[in-house]
Amino acid sequence: MMTVCDFQAKKASGEKITMITCYDFTSAAILNKTSIDCILVGDSLAMTMHGFSDTISATMDMMALHTAAVSRGAKDKFIIGDMPFLSFRSSLNENIAAVRALMQAGAHAVKLEGANGNTEFISHLVHSGVPVMGHIGLTPQFLNQLGGYKVQGKTEESAKRLLEEAIALEEAGCFSLVLECVPAAVATRITQQLKITTIGIGAGAETDGQVLVFQDLLGLNTSFSPKFVRKFMDGAALVTQAVEGYAQSVKTKEFPSHEHCY
Ligand code: KIV
């Protein structure tokens with residue numbers, strides 16, 4: 001199983017890190033048999049698994065439940081649990097209880113969005129034995145602050161701010177950093193300046209690794225196709241075809257056949 005130390009080793013050797021989101025046991029068991037390096041139980045589950053229109057609806061209970069399911073399915077993978085909206089912006093006791101819930105559900109690390117106001121807590125976690133992945137750029141939990149899902153770091157000034165945030169997160173002790181929806185040149189600059197690994201999504205090809213949402217790369221999500229997603233299969237069409245095949249077989253009494261009967 002990949003460990004937190006391997007992230008650094010991969011950056012040093014130039015080997016790309018592969019990360020994918022996952023939220024359920026069955027998918028996790030499939031991923032466990034692949035060469036994918038690590039799994040993120042992202043708060044995007046509020047949208048992909050629960051049908052909410054944003055990630056702000058993700059709760060600690062949801063995150064712990066899905067993390068536990070993924071951990072039962074992907075026993076050989078490094079699992080990162082996502083801290084949901086405001087779960088790390090309360091009192092230290094409450095923040096720690098939230099992190100404990102994810103780690104005890106089976107996460108090997110936690111991810112949290114944003115740098116400003118988080119670095120002290122991140123240091124506290126790191127000194128307590130919890131590996132932390134940062135996340136800057138388009139941070140979906142800041143949707144209402146950002147005024148929409150927009151590419152971040154497009155101006156000289158905002159790119160400089162992103163670099164400062166990245167350095168602050170590295171100094172706080174993060175072992176890795178997600179860069180979401182930032183210009184490739186900005187992500188490249190941050191990747192080159194940092195000692196820790198960067199994992200990009202919509203951040204170009206030069207980050208130390210890439211992450212995609214499971215449903216997006218499998219083409220299961222028909223209502224969302226941003227520029228940065230490649231559908232590695234047309235999952236929605238394949239599932240539709242299989243379900244129609246099943247329905248037809250039942251209607252024509254072709255299924256179940258002799259071999260399926262006791
Ligand atoms: O919640 C999530 O899926 C994420 C990734 C898109 C990085 O944070």
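This is a predicted model: local features need pLDDT of at least 70, side-chain atom pairs count only at pLDDT 80 or more; totals for chains, interfaces and linings use all residues.
Helices here are DSSP runs of H or I with at least four residues, strands are E runs of at least two, and both are numbered from the N terminus.

Residues are numbered from 1 along each chain as its sequence is written, and side-chain values use heavy atoms, with hydrogens and water left out.

Most residues other than glycine have a negative phi, and most peptide bonds are trans. A few spots in this model are worth a look with that in mind.

K253 is not a glycine, yet its phi is positive, at about 60°. Is K253 buried or exposed? The cut-offs are under 20% relative accessible area for buried, over 50% for exposed, and partly exposed in between (1.4 Å probe, protein chains only). K253 has a relative accessibility of 72%, so it counts as exposed.

C181 also has a positive phi, about 50°, without being a glycine. You'll find C181 in the loop between β6 and α9, and because its relative accessibility is 9%, it counts as buried.

Then there's the segment after α11 (235-251), where P256 sits. The peptide bond leading from F255 into P256 is cis, with omega near -5°.

## Helix α8 and what it packs on

Helix α8 covers residues 156-172, which is 17 residues. From first C-alpha to last it reaches 24 Å, close to the expected 24 Å; that expectation is 1.5 Å times one less than the number of residues. Just past the end of α8, G173 takes a positive phi of about 115°.

Which residues of α8 are buried? They are S158, A159, L162, L163, E165, A166, L169, E170 and A172. These buried residues pack against α6 (119-127), β5 (132-137), β6 (176-180) and α9 (184-193). Contact, here and below, means heavy atoms within 4.5 Å.

## Two helix pairs

Two packed helices are described by the angle between their axes and the distance between the axes. The axes are lines fitted to C-alpha atoms, for helices over the stretch in contact, and the angles run from 0 to 180 degrees between N-to-C directions.

| Helix pair | Axes come within | Crossing angle |
|---|---|---|
| α4 (residues 60-73) and α5 (residues 92-104) | 8 Å | roughly 20° |
| α6 and α8 | 8 Å | roughly 30° |

Angles under 35 degrees count as roughly parallel, over 145 as roughly antiparallel, 65 to 115 as roughly perpendicular, and the rest as oblique. The axes of α4 and α5 cross at roughly 20°, which means α4 is roughly parallel to α5. By the angle between them, α6 and α8 are therefore roughly parallel to each other.

On handedness, a crossing is left-handed if the near helix is turned anticlockwise from the far one by less than a right angle, and right-handed if clockwise. α4 passes α5 in a right-handed crossing. On the α4 side, M60, M63, A64 and T67 make the contact, and on the α5 side A98, A101 and L102 do. Sorted by type, the residues of this contact come out as six nonpolar, one polar and no charged. For that sorting, Ala, Val, Leu, Ile, Met, Phe, Trp, Tyr, Cys and Pro count as nonpolar, Asp, Glu, Lys and Arg as charged, and the others, Gly among them, as polar.

The crossing of α6 and α8 is right-handed. Here T119, I122, S123 and V126 of α6 meet A168, L169 and A172 of α8. The contact of α6 with α8 divides into five nonpolar, two polar and no charged residues.

N118 lies in the loop between β4 (109-113) and α6. With a relative accessibility of 2%, N118 counts as buried. What does N118 contact, leaving aside neighbours within four places in sequence? Its partners are F88, R89, L112 and E113.

L92 belongs to helix α5 and is partly exposed, at 44% relative accessible area. Not counting residues up to four places away in sequence, L92 touches F121 and H124.

G148 lies in the loop between α7 (143-146) and α8. G148 is buried, with a relative accessible area of 18%. Neighbours within four places in sequence aside, G148 is in contact with L138 and L143.
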